[in-house]
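This explanation leads a new reader through the structure shown below. Please keep the sequence and the model in view while reading.

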Amino acid sequence: MEENMEEGQTQKGCFECCIKCLGGIPYASLIATILLYAGVALFCGCGHEALSGTVNILQTYFEMTRTAGDVIDVFTMIDIFKYVIYGVAAAFFVYGILLMVEGFFTTGAIKDLYGDFKITTCGRCVSAWFIMLTYIFMLAWLGVTAFTSLPVYMYFNLWTICRNATLVDGTNLCLDLRQYGIVTIGEEKKVCTTSESFIKMCDSNELNMTFHLFIVALAGAGAAVIAMVHYLMVLSANWAYVKDACRMQKYEDIKSKEEQELHDIHSTRSKERLNAYT
């Protein structure tokens, strides 16, 4: 009988512990972190592969070659974009972890207001700093999204030309890279629907795959923007809760101090009355 009671208390204690642990998880920050990681993974992975596909298309069908020397050409810019992608992936992996840690500490600070973990001025400053930093990153991701839409637009035009060339016979449509600033005005790098290279490019899976990879990369950048907005809402709410909790904590401290002073005054007067009576 006693063993069954002890087992029941143990199971109840484990259940309460699990509930307490689950209650301390910042679910809003967790959802935003998952969305951020998914968006960054799609943008970095698909963007990297789309850039590699773009290099192959330029070299194979537009007959472009890398410029020797220190001249910055389109291939050098693509290599720079790849390195930027590596940095973005690493930076936002760390930043997502930091935001999750901030969410855990903020949740713990609110729920354990009167426990060992107290809300400090440093904690409020960290929350405010994360709000400012997340706002800056949100603007940066808006710029990345707008920039990623440019290759999507370019590939959409190329895909449209391929589609129109197969639907309408006898048309001579051309795509000139000078229109997009990929090459200088003095260079003439274009393909027309009557050329063999254009037909091979339209029939290849490489063009279709690269186009769709850029679309997915654009969707990933948009998901990262949504994650930043979600983080801003979470951080702003946490900061407001922490600010109110700090005020409540100060009020309780002042109230406790006043009650202690009243208790001391009452004790002193009682002692004085007792001494006067004796």
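**A guided reading of the chain**

Among contacts in the chain (heavy atoms within 4.5 Å) between residues at least 6 apart in sequence, 77% join residues at least 24 apart. The model is predicted, so local features need pLDDT of at least 70 and side-chain atom pairs count only at pLDDT 80 or more, while totals for chains, interfaces and linings use all residues. Residues are numbered from 1 along each chain as its sequence is written, and side-chain values use heavy atoms, with hydrogens and water left out.

The chain holds 6 helices and 2 strands. These elements are DSSP runs numbered from the N terminus, with helices (H or I) of at least four residues and strands (E) of at least two. Along the sequence their order is α-α-α-α-β-β-α-α. Of the 278 residues in the chain, 32% are buried; here buried means under 20% relative accessible area, exposed means over 50%, and partly exposed lies in between (1.4 Å probe, protein chains only). The chain exposes about 17600 Å², and carbon and sulfur atoms supply 65% of this area. Such areas come from the Shrake-Rupley method with a 1.4 Å probe, and for residues only the protein chains shown count as cover.

The largest pocket contains about 1100 Å³. Its lining has 44 residues, of which Leu51, Val74, Ile78, Phe81 and Phe147 are the closest to the centre. A pocket is an open set of points on a 1 Å grid over the protein atoms alone, where a 1.4 Å probe fits, with protein on both sides within 12 Å along at least five of seven lines; lining residues have an atom within 4 Å of a point. Grid points are joined across faces, edges and corners, and the volume is the space filled by probe spheres set on the points. Helices α2 (27-60), α3 (74-111), α4 (121-167) and α6 (205-277) each supply at least two lining residues, and α4 gives the most, with 11. The lining comprises 33 nonpolar, 7 polar and 4 charged residues, where Ala, Val, Leu, Ile, Met, Phe, Trp, Tyr, Cys and Pro count as nonpolar, Asp, Glu, Lys and Arg as charged, and the others, Gly among them, as polar.

Leaving aside neighbours within four places in sequence, Gly96 is in contact with Thr33, Leu36, Tyr37 and Tyr231. Glu102 likewise belongs to α3 and counts as buried at 6% relative accessibility. With neighbours within four places in sequence again set aside, Glu102 touches Ser127, Phe130, Leu235 and Asn238.

The whole structure has 1 disulfide, a term for a pair of cysteine sulfur atoms within 2.5 Å. The disulfide joins Cys162 to Cys202, with an S to S distance of 2.0 Å. Because Cys162 lies in α4 and Cys202 in α5 (residues 196-203), the pair ties together parts that are 40 residues apart in sequence. Cys162 is buried at 7% relative accessibility, whereas Cys202 is partly exposed at 24%.
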